[in-house]
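The exercises below are meant to be worked through with the sequence and the 3D view open side by side. Each one sets a task, and a worked solution follows step by step.

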Amino acid sequence: MRTIPLDTVRGTVCKLYIDACYRLNDDMRKAFKDAAKTEVNPQGREILQMISENAEIAEKEWLPICQDTGLAVVYVELGEEVRFDRPGLKEAINQGVRQACKEGLLRASVAKDPLRRGNTGDNTPAIIHIDMVPGDKMKLTVGAKGTGSENMSRVKILTPSAGMEGVKNFVLEAVTQGGSNPCPPLVVGVGIGGNLETVAEIAKKSLYRPLKDKNKDPYYARLEEDWLKEINKSGVGPQGLGGSTTALAVHIEALPCHIGALPVAVNIDCHAHRHKEAVL
Amino acid sequence: MMSESKLYKLKPPLKDSDLMPLKIGDKVLITGLMYGCRDAAHKNMVEMLDKGQPLPVDLRGQILYYVGPTPAPKGRPIGAAGPTTSGRMDAYAPRMYDYGVKATVGKGTRAEPVVKSMVKNKAVYLVAIGGLGATLASKIKAAKVAAWPELGTEALWEFKVEDFPAIVANDVNGRDIYKENVKYWAEKLK
Ligand code: SF4
């Protein structure tokens with residue numbers, strides 16, 4: 001067994017969350033620059049350049065990339081041989097988020113109650129996913145998920161006869177109907193299979209692979225490529241103002257499912273596609 | 001597709017004649033005052049207007065910026081301050097235009113009643129690029145809370161801006177950049 005102090009977990013979550021909000025990953029920065037070369041609408045090209053510059057200004061001037069610093073979505077891949085120096089893993093993660101909100105001057109964007117609203121004041125609680133894996137390490141991934149794009153996401157249980165075409169149309173519809181609202185260019189996460197709750201989970205998790213990584217199964221890797229092309233023919237374009245760069249990537253994850261169902265989830269992320277990870 | 005886009009400088013308070021020439025797709029640079037507000041401040045303002053009370057600041061001829069900034073770091077007037085989704089303010093916008101607000105700035109499409117209200121009031125809707133939190137913050141030179149500090153980020157803000165960039169999305173003729181552009185490019189990319 002290996003012991004990890006929970007203070008290390010707290011500090012790491014804090015650092016990752018702040019880092020995610022202020023420093024966009026290189027794969028996104030490169031994607032903006034590449035897209036600015038291929039975008040067909042001149043205004044779209046200008047917008048892509050502005051988005052690209054924004055990431056530089058954020059880092060240099062030390063300002064958040066976007067004022068919606070999101071809900072903190074935290075993934076824990078926990079080695080089975082890891083234990084902690086005291087109880088309270090989830091509390092340590094939330095302490096990290098609280099500290100990041102305060103020290104990183106992030107926006108408090110969590111309503112206390114869905115109907116009675118109010119504000120928790122420190123961006124807690126985080127959304128926490130814990131997965132047990134073999135080994136004595138612990139991997140932490142923190143995503144800052146903005147709501148403009150989250151609000152354009154959707155989930156549906158199709159019937160098996162809908163097939164690949166049905167799933168594809170569902171994805172395309174989510175993107176075109178979202179239009180400008182989710183701040184395109186997008187990263188589109190798609191979950192297929194599983195059941196009601198897992199399909200949404202894998203769609204979200206797929207967002208946080210490196211931007212250009214493909215699904216390991218060549219069948220799905222091909223669909224990712226094809227659907228990205230189709231999405232970019234929709235005309236939505238950067239910021240929904242028209243053009244050929246509506247999305248930068250489509251990530252698909254699939255799971256076995258019930259013989260009578262075909263669940264699908266589309267989780268849309270915006271160009272402020274923010275996530276950081278660390279291994280303890 | 002629209003004709004070549006032009007660049008206009010806007011300095012509030014705005015008159016009809018400042019806005020009449022603007023066409024969708026034109027770029028504007030705003031210098032002077034802009035008032036930041038989102039859902040909660042709008043609710044308060046419309047309630048006051050309904051009761052016939054004067055607003056905390058005279059917003060006639062002014063520009064509203066839909067925004068909920070992050071806290072200001074030391075030595076800066078404001079934190080990240082990009083636009084929020086305008087659609088959530090659609091319920092309030094016709095009331096604000098009728099009152100005398102001449103332009104709103106946000107991101108995303110506006111509903112039909114809002115577009116009609118702009119035509120009626122010779123007002124416009126401008127889009128700032130969503131997610132440009134850091135860039136747009138650098139165009140804000142001074143910021144103070146004009147009313148409702150208890151609302152935190154959702155307060156009514158008074159910003160002094162310099163060359164704040166936006167694009168005309170709905171003009172005084174009721175045209176809509178989103179509808180026209182996406183249709184045009186979807187056809188072209190077929
Ligand atoms: S959708 Fe994303 S980029 Fe747009 S305002 Fe929200 S968090 Fe920022």
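Domain bounds here come from an automatic or database domain assignment. The model is a predicted one.

**Exercise 1. Find the two domains of chain A and state how far apart their centres are.**

Step 1. Begin with the assignment, which gives chain A a domain 1 made of 2-20 + 65-145 and a domain 2 that covers 148-272.

**Exercise 2. Describe how domain 1 of chain A meets domain 2 of chain A, from the contact to the buried area.**

Step 1. Count the residues on each side: eleven residues of domain 1 of chain A are in contact with twelve residues of domain 2 of chain A.

Step 2. Turn to area, since the size of an interface is often given as the accessible area lost when the parts come together. Between them, domain 1 of chain A and domain 2 of chain A bury about 790 Å², and 60% of this lies on carbon and sulfur atoms. Within domain 1 of chain A, the residues that lose the most area to domain 2 of chain A are Tyr75(A), His129(A) and Lys145(A), which together make up 62% of what that side buries.

Step 3. Ask which elements build the side of domain 1 of chain A that touches domain 2 of chain A: strand 2 (71-79) and strand 5 (138-145) of chain A each supply at least two of its residues. The largest share, four residues, comes from strand 5 of chain A. By class, the residues of this side divide into five nonpolar, three polar and three charged.

**Exercise 3. Describe the interface of chain B and chain A by its contact and its buried area.**

Step 1. For the contact, chain B gives 40 residues and chain A gives 37 residues. The two chains bury about 3,000 Å² between them, with 62% of that area on carbon and sulfur atoms.

Step 2. For the pairs, two salt bridges are counted between chain B and chain A, and Glu46(A) and Lys27(B) meet through their side chains in a salt bridge of 3.0 Å, N to O. Residue pairs in polar contact between chain B and chain A number 13.

Step 3. On the side of chain B that touches chain A, two or more residues come from each of helix 5 (133-137), strand 7 (156-170) and helix 6 (177-189) of chain B. Helix 6 of chain B gives the most, with seven residues. This side has 22 nonpolar, 14 polar and four charged residues.

**Exercise 4. Where does the ligand lie, and which residues surround it?**

Step 1. The ligand lies between chains A and B.

Step 2. Among the residues that surround the ligand are Cys66(A), Asp68(A), Cys183(A), Cys270(A) and Arg274(A), while Lys107(B) and Gly131(B) are also part of this surrounding set.

Step 3. Sorted by class, the shell around the ligand has five nonpolar, four polar and three charged residues.

**Exercise 5. Explain what the salt bridge of Arg23(A) and Glu59(A) ties together.**

Step 1. The side chains of Arg23(A) and Glu59(A) meet at 3.4 Å, N to O.

Step 2. Arg23(A) lies in the loop between helix 1 (6-22) and helix 2 (26-38) of chain A, whereas Glu59(A) lies in helix 3 (residues 42-61) of chain A, so the pair ties together parts that are 36 residues apart in sequence.

**Exercise 6. Locate the cis peptide bond from Thr124(A) to Pro125(A) and the positive phi of Asn123(A).**

Step 1. Keep in mind that most residues other than glycine have a negative phi, and most peptide bonds are trans.

Step 2. The bond from Thr124(A) to Pro125(A) is cis, with omega near -5°, and Pro125(A) is found in the loop between helix 4 (89-103) and strand 4 (127-133) of chain A.

Step 3. Asn123(A) is found in the loop between helix 4 and strand 4 of chain A, and its phi is near 65°.

Notes: Residues are numbered from 1 along each chain as its sequence is written. Chains are lettered from A and ligands numbered from 1 in the order in which they are written. This is a predicted model: local features need pLDDT of at least 70, side-chain atom pairs count only at pLDDT 80 or more; totals for chains, interfaces and linings use all residues. Side-chain values use heavy atoms; hydrogens and water are left out. A residue is near a molecule or strand if one of its heavy atoms lies within 4 Å of it. Ala, Val, Leu, Ile, Met, Phe, Trp, Tyr, Cys and Pro count as nonpolar, Asp, Glu, Lys and Arg as charged, and the others, Gly among them, as polar. Contact means heavy atoms within 4.5 Å. Buried area is the accessible area (1.4 Å probe) that two parts lose on being put together, summed over both. A salt bridge is a side-chain nitrogen of Lys or Arg within 4 Å of a carboxyl oxygen of Asp or Glu. A polar contact is a pair of N or O atoms within 3.5 Å; within protein, one must be able to donate a hydrogen and the other to accept it, and residues adjacent in sequence count only if both atoms are side-chain atoms.
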